[in-house]
Amino acid sequence: MKETKPQLQNPISQPPAPISILVTGGAGFIGSNFIHYMIKAHPNYIIINLDKLTYAGNLENLKDINRMDAGFKEQDLVGGGFENKIQNLKHQIQYPISDIQQSTRYHFVKGDIANTELVDYIFERFKPNYVVNFAAESHVDRSIENPKIFLETNVIGTQVLLDVAKKHWLASGKWKEGVKFVQISTDEVYGSLGPQGYFTEKTPLDPHSPYSASKAAADLITKAYFDTFDMPINITRCSNNYGPYQFPEKLIPLMINNALHHKKIPVYGDGKQIRDWLYVEDHCRAIDLVMQKGRIGEVYNIGGHNEMENIQIVNKICSILDELYPISKNPTSNMQHPTLKSYKQLISFVADRPGHDRRYGIDATKIHEELGWQPLVDFDEGIKKTVEWYLNNQEWMDRVTSGEYMKYYERMYSWR
Ligand code: NAD
Ligand code: DAU
């Protein structure tokens with residue numbers, strides 16, 4: 001009799017079922033850090049990045065990711081057969097198909113979250129299990145200059161995403177298993193604090209800038225889809241992030257860039273406004289946890305109890321630069337400032353931001369107690385790593401500060 005060998009099953013050789021995430025705004029600061037984080041943390045995840053590539057979106061932030069491969073084929077996800085659909089869509093959407101770049105684990109689609117047809121196409125093609133909505137106009141100063149685009153992207157764009165997700169995830173009154181919409185919001189929706197107390201998830205919304213008002217509106221429309229349709233959603237509200245790939249219109253990279261070019265370091269008002277700073281990777285880890293384990297319908301605050309006055313931050317950056325890249329070694333000629341010995345001499349107090357919020361401070365007890373999250377990167381370590389990153393990536397900085405940025409800078413700072 002012939003011996004039959006037992007069939008060996010090696011579970012390790014079976015890749016886990018793919019999970020696909022639609023990340024919007026993935027070419028921006030936090031979105032690109034999130035994609036880096038998720039690709040490393042979850043080998044069975046497929047990321048679809050939908051980004052309009054505004055001034056703040058930069059594909060260079062993701063250049064090492066484009067060719068990543070976990071051994072999946074697109075058919076594993078959806079069953080293939082997209083060519084006809086692509087041909088039809090070619091006539092309907094303004095985005096050339098060549099803008100849809102592919103590898104097996106990471107797909108980039110250039111486009112607007114407010115474009116219903118395009119978002120619908122992405123849902124049909126990639127069948128995302130999750131949407132993580134980072135896409136936004138995100139800079140307070142720009143929202144003071146031109147509020148309209150903030151409403152178009154932050155409010156209408158979010159509503160379009162919610163609506164298309166609902167269309168694909170809800171059938172015969174039942175939501176698909178294992179789907180969720182995560183709205184990335186901000187502590188700014190709570191308004192401004194006095195010297196005492198913290199924002200909790202129960203603090204009433206009281207936004208002051210057109211930016212924060214648009215984010216509050218997006219939170220409320222997201223909540224409305226939960227209250228009205230039982231849509232599985234979470235909303236996260238994080239404090240100020242810092243780290244690599246942040247566009248240099250924001251405090252920390254702007255100060256580093258100006259210092260390196262021996263330009264004035266413009267501190268608004270008295271510089272004593274307080275922000276609660278968190279290293280971007282800690283934020284990404286929190287979002288991942290909320291996405292997987294957050295209780296449906298809940299809001300989660302994210303923050304590291306790391307409050308600092310703006311002027312303290314600016315002084316710290318100057319001290320780190322003085323140590324890592326002293327003026328004497330900086331090839332930017334100090335002809336304009338022959339007496340310059342420390343970057344601190346460039347600090348200049350300028351006209352304040354209208355409606356400037358005085359203090360933000362996050363109470364992150366809920367995410368800590370429910371999901372076990374806490375920040376891992378301490379500020380002194382994080383800010384040093386961040387300054388080093390910008391020093392090592394001066395070409396990135398030079399590229400993103402050419403063109404439109406110079407006009408913006410002129411408009412925003414010449415009158416101050
Ligand atoms: P960012 O400005 O660096 O990036 C925004 C990204 O969204 C860019 O890639 C841009 O091209 C894209 N985008 C803009 N409009 C779009 C549209 N209509 N369709 C598709 N893509 C579009 O912003 P960020 O600092 O990375 O912030 C990301 C999210 O996190 C935002 O929703 C912001 O409100 C929130 N947030 C930011 C911070 C912070 O400190 N930066 C803190 C808390 C929350
Ligand atoms: O709190 C979270 C928010 O943090 C996010 O929702 C926003 O998207 C993000 O832009 C950020 O908003 P802020 O307004 O707090 O960040 P910004 O970096 O613009 O400013 C930080 C502080 O520094 C603020 O008090 C204004 C001040 N500032 C800023 C700039 C650009 C200056 O003093 N000078 C400057 O040139």
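Select helix H8 (251-260). Its buried residues are Leu-251, Ile-252, Pro-253, Leu-254, Met-255, Ile-256, Asn-257, Asn-258 and Ala-259. That is nine of ten, and H8 is mostly covered. Buried requires 20 or more other C-beta atoms within 10 Å of the residue's own, exposed 12 or fewer, and partly exposed lies in between, with C-beta atoms placed from the backbone. Helices (H or I, at least four residues) and strands (E, at least two) are DSSP runs, numbered from the N terminus.

This is a predicted model: local features need pLDDT of at least 70, side-chain atom pairs count only at pLDDT 80 or more, and totals for chains, interfaces and linings use all residues. Residues are numbered from 1 along each chain as its sequence is written, while chains are lettered from A and ligands numbered from 1 in the order in which they are written.

Now show what H8 packs against. The partners of its buried residues are S10, strand S11 (265-268), helix H10 (310-324), helix H12 (379-392) and helix H13 (394-400). Contact means C-beta atoms, placed from the backbone, within 7 Å.

Keep H8 and H10 on screen. Their axes are 10 Å apart, at an angle of about 40 degrees. That makes H8 oblique to H10. Angles under 35 degrees count as roughly parallel, over 145 as roughly antiparallel, 65 to 115 as roughly perpendicular and the rest as oblique. Axes are lines fitted to C-alpha atoms, for helices over the stretch in contact, and angles run from 0 to 180 degrees between N-to-C directions. The crossing is right-handed: the near helix is turned clockwise from the far one by less than a right angle.

Which residues of H8 and H10 meet? From H8, pick Leu-251, Ile-252, Met-255, Ile-256 and Ala-259. From H10, pick Asn-310, Ile-313, Val-314, Ile-317, Cys-318 and Leu-321. This contact has ten nonpolar residues, one polar and no charged. Ala, Val, Leu, Ile, Met, Phe, Trp, Tyr, Cys and Pro count as nonpolar, Asp, Glu, Lys and Arg as charged, and the others, Gly among them, as polar.

Step to the loops. Most residues other than glycine have a negative phi. Tyr-245 has a positive phi of about 70 degrees. Find Tyr-245 between strand S10 (241-242) and H8. Tyr-245 is buried, with 23 other C-beta atoms within 10 Å. After H8 comes His-262, with a positive phi near 55 degrees. His-305 also has a positive phi, about 50 degrees. Look for His-305 between strand S14 (299-302) and strand S15 (307-309). Is His-305 buried or partly exposed? His-305 is partly exposed, with 14 C-beta neighbours inside 10 Å.

Next, select ligand 2. Around it are 19 residues, the closest being Ser-138, Thr-186, Lys-250, Leu-251 and Tyr-268. A residue is near a molecule if its C-beta atom, placed from the backbone, lies within 6 Å of it. H8 and S11 each give two or more residues to this shell. S11 has the largest share, three residues.

Move to ligand 1. Its shell holds 31 residues, with Gly-25, Gly-28, Ala-56, Gly-57 and Ala-136 closest. The largest share, three residues, comes from H1. By class, the shell around ligand 1 has 14 nonpolar, twelve polar and five charged residues.

How values were computed
Two residues are in contact if their C-beta atoms, placed from the backbone, lie within 7 Å.
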